[in-house]
Amino acid sequence: MRLPTPDAVAGAARARDRKCRRRLGEKDFVSGPGAHFGCTDREMNVDKQDVGTRRMSRINKATRWASALMAAGAAGAMPVAHAEIELGKGFSIAGFLDMSYSNFSPDEGSSTESIGIDQFETTFKYAGSQGVSAQVDIEYGEGFDGSDDETFVEQAFVTKAFTEQFSVKVGRFLSYSGWETEEPTGLFQFSGTGYAKYFYGFYQNGASAFYGGSKFALMGSVVTSPFNPNDRNSVEDVDDKMGYEVGLALMPADGLTAKAFFISDQDTDTDVVNVWASYAAAGFTFAGEFNTVEYGASSAVVDGDGDGFLLMGNYATGPLGFTVRYHDFEIQTASGATADDGSAITLAPSYKVGDNLLLVFEYRMDESDTNGDSDTVAVEALFTF
């Protein structure tokens with residue numbers, strides 16, 4: 001096994017991390033290790049005996065917040081839907097434009113503001129014959145290597161549907177894992193938690209199979225890396241290994257969904273478990289997620305580990321919506337030191353101006369031992385087509 005290289009692997013983490021911070025109005029500060037992406041460790045002196053206490057504290061937090069959300073009927077607006085534009089037989093396009101203003105105010109330091117286009121994306125789809133289809137997503141935004149705004153192919157894959165239930169796709173595609181979507185069109189609020197770089201798969205190169213039944217679904221992928229879309233297993237004199245992702249989805253009743261994923265990256269010796277469940281009824285949507293990661297001797301956080309969770313409640317009626325979310329996570333080194341951590345409560349009212357335009361307002365209060373405490377106010381305009 002080998003350590004991830006700064007050029008090939010760490011760039012994907014920087015891009016994802018910067019994308020999240022950009023949406024929060026933050027500058028590029030050091031935020032600890034990129035876990036399975038190879039960013040620099042940020043050590044703190046922590047008593048090893050305190051590790052279990054802090055983990056139990058996070059579990060207690062989850063219990064308290066679950067009770068609070070259910071009692072209050074906590075609520076964000078449902079994301080706006082895409083309306084595909086038919087260009088010809090079997091050929092269609094869809095996309096979105098995401099713009100925002102944000103003000104990031106750390107407890108220590110000066111405030112920073114950000115305004116502009118966060119992302120523009122166009123999806124091209126083609127439905128051919130014999131169950132063969134293709135999809136290509138072109139994005140204007142920050143590249144996979146963490147570079148400034150550029151236009152690039154985010155994902156491109158070909159799918160063969162053998163039956164109505166079973167299909168296989170090959171190319172570059174997004175991981176199945178994670179409650180929160182990579183794109184803003186699937187979020188119930190403006191910002192992501194920021195812990196996706198530790199607990200979710202990313203864009204991947206390889207092959208994936210999917211079987212969907214009426215009450216359950218199975219999925220699995222064999223890829224060059226579950227976390228790094230720049231990995232092509234093409235480095236000379238390096239024994240590149242494949243990565244894997246498997247998942248199970250259960251839909252036992254209307255509105256109720258539960259999913260579990262196991263992700264393994266052989267190159268970086270990283271194993272991730274992601275589990276989430278959601279329930280939607282009468283305008284309410286509730287969701288909970290738990291994540292854990294284990295690092296081996298070849299990972300960026302040698303023999304370290306981490307876990308995190310989120311709880312979310314959403315209510316939408318007519319054009320109005322409101323979301324409440326709480327999340328908490330911690331990444332630790334082998335000695336028990338905190339490499340990265342954070343928790344936040346997010347409040348996000350929203351207003352659907354029309355079928356294709358959604359306005360989201362957000363207030364977020366972050367607490368972190370490694371990154372400091374902060375408050376963020378943001379306004380987002382999301383247009384879909």
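Me: Where does Ile-138 lie, and why is Ile-138 called partly exposed?
Reply: Ile-138 is part of strand 4. Please keep in mind that this is a predicted model. The relative accessibility of Ile-138 is 26%. Buried means under 20% and exposed means over 50%, with partly exposed in between, so at 26% Ile-138 counts as partly exposed.

Me: What separates the C-alpha atoms of Ile-138 and Val-153?
Reply: A distance of 4.7 Å separates the two C-alpha atoms, while along the chain Ile-138 and Val-153 are 15 residues apart.

Me: Val-153 belongs to a nonpolar patch on the surface. Which residues form this patch?
Reply: Together with Val-153, the patch is formed by Ile-85, Leu-87, Phe-91, Phe-124, Tyr-126 and Val-136. Their accessible area together is about 550 Å². Strand 1 and strand 3 are the elements that give two or more residues to the nonpolar patch.

Me: Now the salt bridges. How many does a search of the whole structure find?
Reply: The search finds three salt bridges.

Me: Why is the contact of Lys-125 and Glu-84 called a salt bridge?
Reply: The N to O distance between these side chains is 2.9 Å.

Me: Are Lys-125 and Glu-84 buried, exposed or partly exposed?
Reply: Lys-125 has 31% relative accessibility and counts as partly exposed. Glu-84, with a relative accessible area of 40%, is partly exposed too.

Me: What makes Glu-180 and Arg-325 a salt bridge?
Reply: Their side chains meet at 2.7 Å, N to O, and the limit is within 4 Å. Glu-180 lies in the loop between strand 6 and helix 3, and Arg-325 in strand 14, so the pair ties together parts that are 145 residues apart in sequence.

Me: How do you know whether Glu-180 and Arg-325 are buried or exposed?
Reply: We set each value against the limit for buried, which is under 20%. Glu-180 is at 9% relative accessibility, so Glu-180 counts as buried. Arg-325 has a relative accessible area of 1%, so Arg-325 is buried as well.

Me: And what about Arg-364 and Asp-366?
Reply: Their closest N and O atoms are 2.8 Å apart, and they form a salt bridge. Arg-364 is buried, with a relative accessible area of 2%. Asp-366 has 12% relative accessibility and also counts as buried.

Me: What is the volume of the largest pocket, and which residues are closest to its centre?
Reply: The volume is about 910 Å³. Of the 36 lining residues, Leu-174, Thr-181, Glu-182, Glu-183 and Gly-186 are the closest to the centre. Strand 2, strand 3, strand 4, strand 5 and strand 6 each supply at least two residues of the lining. The lining divides into 13 nonpolar, 13 polar and 10 charged residues.

Me: What makes the phi of Asp-269 worth a look?
Reply: Phi of Asp-269 is near 55°, a positive value in a residue other than glycine. Asp-269 sits in the loop between strand 10 and strand 11. With a relative accessible area of 24%, Asp-269 is partly exposed.

Methods:
Residues numbered from 1 in each chain as written. Predicted model: local features only at pLDDT ≥ 70, side-chain atom pairs only at ≥ 80, totals over all residues. Heavy atoms only, no water. Buried < 20%, exposed > 50% of the residue type's maximum accessible area, 1.4 Å probe, protein only. Helix = DSSP H or I, 4+ residues; strand = E, 2+ residues; numbered from the N terminus. Patch = residues over 30% accessible without salt bridge, like charges linked within 9 Å, V, L, I, M, F, W, Y side chains within 5 Å. Areas by Shrake-Rupley, 256 points an atom, 1.4 Å probe, with all protein chains shown as cover. 1 Å grid on protein atoms, 1.4 Å probe; cavity = no way out; pocket = protein on both sides within 12 Å on 5 of 7 lines; lining within 4 Å. Points joined across faces, edges and corners; volume = space filled by probe spheres on them. Nonpolar A, V, L, I, M, F, W, Y, C, P; charged D, E, K, R; others polar.
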